[in-house]
Amino acid sequence: VTWSTHCHNDLGLATANSLAGIQNGARQVEVTINGIGERAGNTAMEEVIMAIHTHPNYYPVYHTINTTGIYLLSQLVSSLSGMVVQPNKAIVGRNAFLHESGIHQDGVLKNKLTYEIITPEVVGVTNISLVLGKHSGRNAFRERCRELGFSDLVEAEFQRVFDDFKSLCDKKKKVNDGDILALLSNQISSSTPASHFGLDSIQVVSGTHATATATVRLEDVRGGDVIVDAAIGKGGPIEAVFEAIQRIVKRRIRLLQYEVAAVGEGIDALGKVDVKITPEIEEVAANGDAHGKAARRERLRRSTFAANSAHTDIILASAKAYVTAINRMLAWEEEENANGGRSLVEERKVDV
């Protein structure tokens, strides 16, 4: 019999309870990256692994995890799930290895182990800065991508990231690993299969005493047409952009999450936007609705679709993330259509 632990973090004790289980005979722990999960989340994999890693003589077990990939894995899961890692999260939070206190800084400069039980490099966190210009070499950039764990980029993917990198070099004096990871995250996030729409351009007008307006141009990837529409946003330019996109795709969408975080420091820092959406769909009538149709609608109502994008212009980043999330939603609906008859879009049109 293999005893297992499955802990939730309702009282902040998921990791402690899992480690106690290991000490008392458990040889399987059920964990998640970044501790994601229901309510307060599940036991965080990175915390359990690094506890065992730093105290090999204390726990009666060992691990075979490549710890240098933990940070990159954390960033990948955060990017694809749309669940932002809190800055002070143990092991993988962006503040996990920062020291502001003067006493702390002095101690770390003399000996890193004064205040750091593990070094950033052990979990794959680096502080290497690349000072590259627009005409700097592709080989150096490709090599840095490999060192960051992205060695399997095909030529087309690499070219898109490299173009974004050169564009960023025009706007920032220094481009560091955080910036490069954000650009790579853009590539991952936008690589949605069977995309329906691509962002062509946006134009926004906003001011203290003016109602925000936005004009958006989207490309219909399959039809080849470019569709233009405009909208106003009483709450500001982001609302105007999202409303214009909804008008173009002819869907009503509920925004569940919208977060903006700076990548790095400075006024020229990239802004990373995370969005999570779900489609607005009218209530299924209690009578006169087929069971299969109602079941598919219920699945759609409970489904959420996340995406993120990074850019020095947070309004543009917001639009890109929103369009990517919509593409994922539409691709999911197509899969539902393939597995269960008419698409939810067609059903909705018939009912309306």
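At what angle do the axes of helix 5 and helix 6 cross, and within what distance do they come?

## Two helices that meet

In this predicted model, the axes of helix 5, residues 138-147, and helix 6, residues 155-169, come within 11 Å and cross at roughly 110°. Angles from 65 to 115 degrees count as roughly perpendicular, and helix 5 and helix 6 are therefore described as roughly perpendicular to each other.

On the side of helix 5, the contact is made by Arg138, Phe141 and Arg142, while helix 6 contributes Glu155, Phe158, Gln159, Val161, Phe162 and Phe165.

## The protein as a whole

The secondary structure of the protein comes to eleven helices and ten strands. Of its 352 residues, 41% are buried.

Three strands form an open sheet in the order 5-6-7, and their pairing is antiparallel. The edges are taken by strand 5, residues 197-207, and strand 7, residues 226-233, each of which pairs on one side only. Neighbouring strands of this sheet are turned against each other by 15° on average, with direction ignored.

Strand 5 and strand 6, the latter covering residues 210-220, run antiparallel and are joined by nine bridges. Within this pairing, valine 204 stands opposite alanine 214 in strand 6. Helix 8, residues 237-249, packs on the sheet and touches strand 5, strand 6 and strand 7, and its direction makes about 140° with that of strand 7.

## A closer look at helix 8

Helix 8 has 13 residues and reaches 19 Å from its first C-alpha to its last, which is close to the 18 Å expected at 1.5 Å a residue. Its buried residues are Ile238, Ala240, Val241, Phe242, Ala244, Ile245, Gln246, Ile248 and Val249. Just after helix 8, lysine 250 takes a positive phi of about 60°.

Strand 8 and strand 9 pair in the antiparallel sense over ten bridges, and in one of the pairings valine 263 has leucine 270 of strand 9 as its bridge partner. These strands form a hairpin with six residues between them, and in the turn glycine 264 has a positive phi of about 90°. On its other pairing, strand 9, residues 270-279, is joined to strand 10 in the antiparallel sense over seven bridges, with valine 273 standing opposite serine 309 in strand 10. As a general point for looking at either sheet, the side chains in a regular strand alternate between the two faces of the sheet.

## Two loop residues

Is glycine 93 buried or exposed? This residue is found in the loop between helix 3, residues 70-81, and helix 4, residues 102-110. Buried means under 20% relative accessible area, and glycine 93, with a relative accessible area of 6%, is therefore buried. Leaving aside neighbours within four places in sequence, glycine 93 is in contact with Val85, Gln86 and Pro87. Glycine 93 and tyrosine 71 are 22 residues apart in sequence, and their C-alpha atoms are 8.9 Å apart in space.

Aspartate 225 lies in the loop between strand 6 and strand 7, and this residue is partly exposed, with a relative accessible area of 47%. Not counting residues up to four places away in sequence, aspartate 225 touches Leu218, Glu219 and Asp220. From aspartate 225 to phenylalanine 197 the separation is 28 residues in sequence and 9.9 Å in space, C-alpha to C-alpha.

Technical notes. Residues numbered from 1 in each chain as written. Predicted model: local features only at pLDDT ≥ 70, side-chain atom pairs only at ≥ 80, totals over all residues. Heavy atoms only, no water. Pairing = 2+ DSSP bridges. Helix = DSSP H or I, 4+ residues; strand = E, 2+ residues; numbered from the N terminus. Axes fitted to C-alpha atoms, helices over the stretch in contact; angles between N-to-C directions. Parallel < 35°, antiparallel > 145°, perpendicular 65-115°, else oblique. Contact = heavy atoms within 4.5 Å. Expected span 1.5 Å × (residues − 1). Buried < 20%, exposed > 50% of the residue type's maximum accessible area, 1.4 Å probe, protein only.
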